[in-house]
Amino acid sequence: MTTNWAGNITYRAQEVHRPSSVAELQAVVARSRRVRALGTRHSFNDLADSPGALVSVAGLPAAVEVDTGRVTARVPAGLRYAELTRCLDERGFALPSLGSLPHISVGGACATATHGSGVRNGCLAASVSALDLVTAEGDLLTVARGDGCFDGMVVGLGALGVVTHLTLDLVPAYEMRQQVYKGLPLDALDDHFCELMSSAYSVCLFTDWSAPRLTQIWIGERLDVPPADVAKLPWFTALPADGPCHPVDGMPAASCTGQLGVPGPWHERLPHFRPDHEPSSAGDELHSEYMIGRGDAVAALHALDAVRDRIRPVLQICEVRTIAADRLWMSPFYETDSVSVHFTWTSDTTAVLPVVRLVEERLAPFAARPHWAKIFTIEPPELGRLFPRLADFARLAGDCDPAGKFASPFLDRYLR
Ligand SMILES: Cc1cc2nc3c(=O)[nH]c(=O)nc-3n(C[C@H](O)[C@H](O)[C@H](O)COP(=O)(O)OP(=O)(O)OC[C@H]3O[C@@H](n4cnc5c(N)ncnc54)[C@H](O)[C@@H]3O)c2cc1C
């Protein structure tokens, strides 16, 4: 039996195939009645599960092909960001954004619209310019930006085929420095939220909701951009941390990326966690996350503050980030510059679920869209209103996979 990384989901699939070539993968898909792609198992719900078999592309050849002329890289879907980013940096290239952990596969992250932070940074899938995937019949298909339905295929939730490679837009490699500040009253955001979030390349806010205040603010500046020096502004009363921090106050910071303003390459500063350590709370956790329009961020945070006494007992840490709009049908950032409000809960599902529902009630007035790979309870009809292209995506999935080879209880719940 295989479980997800956090151990809260035991996959029903009895078999996990690990082909070592694309031809072998095509044969596995062609002969399977029900099969779904599995990445590095970092999702917190049953999204990746299949009633039939699972197939991992981690065993396919790991070569990254950089096209210096087009400034793109063709990347194996099973590669983890840890290996990809090191390889790109060695060749003088970078990605504009990264999620909080480099342990996840490129295919799984893009299939679920995984994101980092930055007012001008899109989610990781926004960098995808082409996809190679094995279709339900076992054929190999390439789709590229500009092709009909491409925007529907990138955040594919494993419903359209098994992606073998993604072509990603690159940018020149850059250096960053990261500084953590501690303790800012929530009210400071009332007039300064946008100023704070756009004060550096990547800004992340943390609160444990024990009081109306931010416990930590992680400011990631690029060395090639003049600093905005938000810390010198009179309203910014947070103090620089005097040592390395973990987002959860009191947890050891050895798993976290370099701080205290020490310069380093982009891929060692953008994620919160280092690839050689277990990230976050080492799996003793559950996650939920909701995306709202940027203009609603402050009101949404106050709506949560009003119920912080209910949130606090089951919370490890809450994080607020910004993500730029994209055109990807199943992305929660579809045509909306967004703010994400993330919750790292304790691992007690029974205690956490009622609070997840409460958070959803509080955020409902702001049309909060859930992260596909995390825990949510929003029902299908409402989800259809929150994701305006969901019906188009369901039709696309039906066209690509009429026999439902890639279908699953998760997809049946939300796509029907
Ligand atoms: C500690 C921790 C921190 C996290 N931090 C962030 C964060 O900062 N930002 C954020 O947005 N999310 C974050 N996440 C969520 C995470 O990015 C998603 O769960 C993501 O899907 C993980 O990728 P995976 O490879 O583990 O996917 P899996 O969980 O294995 O699969 C997820 C989905 O992707 C599909 N998929 C995987 N590979 C392929 C493929 N080759 N072809 C087609 N479909 C495929 C699967 O079918 C499934 O539907 C975090 C998760 C954890 C555990």
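Which residue is the bridge partner of Arg36 in strand 3? The partner is Leu54, and the close-up views below set this pair among its surroundings.

This is a predicted model, in which local features need pLDDT of at least 70 and side-chain atom pairs count only at pLDDT 80 or more, while totals for chains, interfaces and linings use all residues. Residues are numbered from 1 along each chain as its sequence is written, and side-chain values use heavy atoms, with hydrogens and water left out.

View 1. Three strands form an open sheet in the order 1-3-2 with parallel pairing, where strands are DSSP runs (E, at least two residues) and helices are DSSP runs (H or I, at least four), both numbered from the N terminus, and two strands pair if DSSP finds at least two bridges between them. Strand 1 (15–17) and strand 2 each have a single partner strand and stand at the edges, so one side of each is left without a neighbour in the sheet. From one strand to the next, the twist averages 30°, with axes being lines fitted to C-alpha atoms (for helices over the stretch in contact) and angles running from 0 to 180 degrees between N-to-C directions. Strand 2 is joined to strand 3 (residues 53–56) by four bridges.

View 2. Five strands, in the order 4-5-9-7-8, make up an open sheet with antiparallel pairing. Strand 4 (65–67) and strand 8 (140–144) are at the edges with a single partner strand each, so one side of each is left without a neighbour in the sheet. Strand 7 (residues 128–134) and strand 9 are joined by six bridges, and Leu131 stands opposite Leu166 in strand 9. Helix 1 (residues 22–31) lies across strand 7, strand 8 and strand 9, running at about 130° to strand 9.

**View 3. The shell around the ligand.** The ligand is surrounded by 37 residues, the closest being Ala37, His42, Ser43, Ser105 and His371, where a residue is near a molecule if one of its heavy atoms lies within 4 Å of it. An oxygen atom of the ligand is 2.7 Å from a polar backbone atom of His42, and a nitrogen atom of the ligand lies 2.8 Å from a backbone N or O atom of His115. Helix 3 gives the most to this shell, with four residues.

Definitions and conventions: Polar contact = N/O pair within 3.5 Å; in protein donor to acceptor, adjacent residues only side chain to side chain. Contact = heavy atoms within 4.5 Å.
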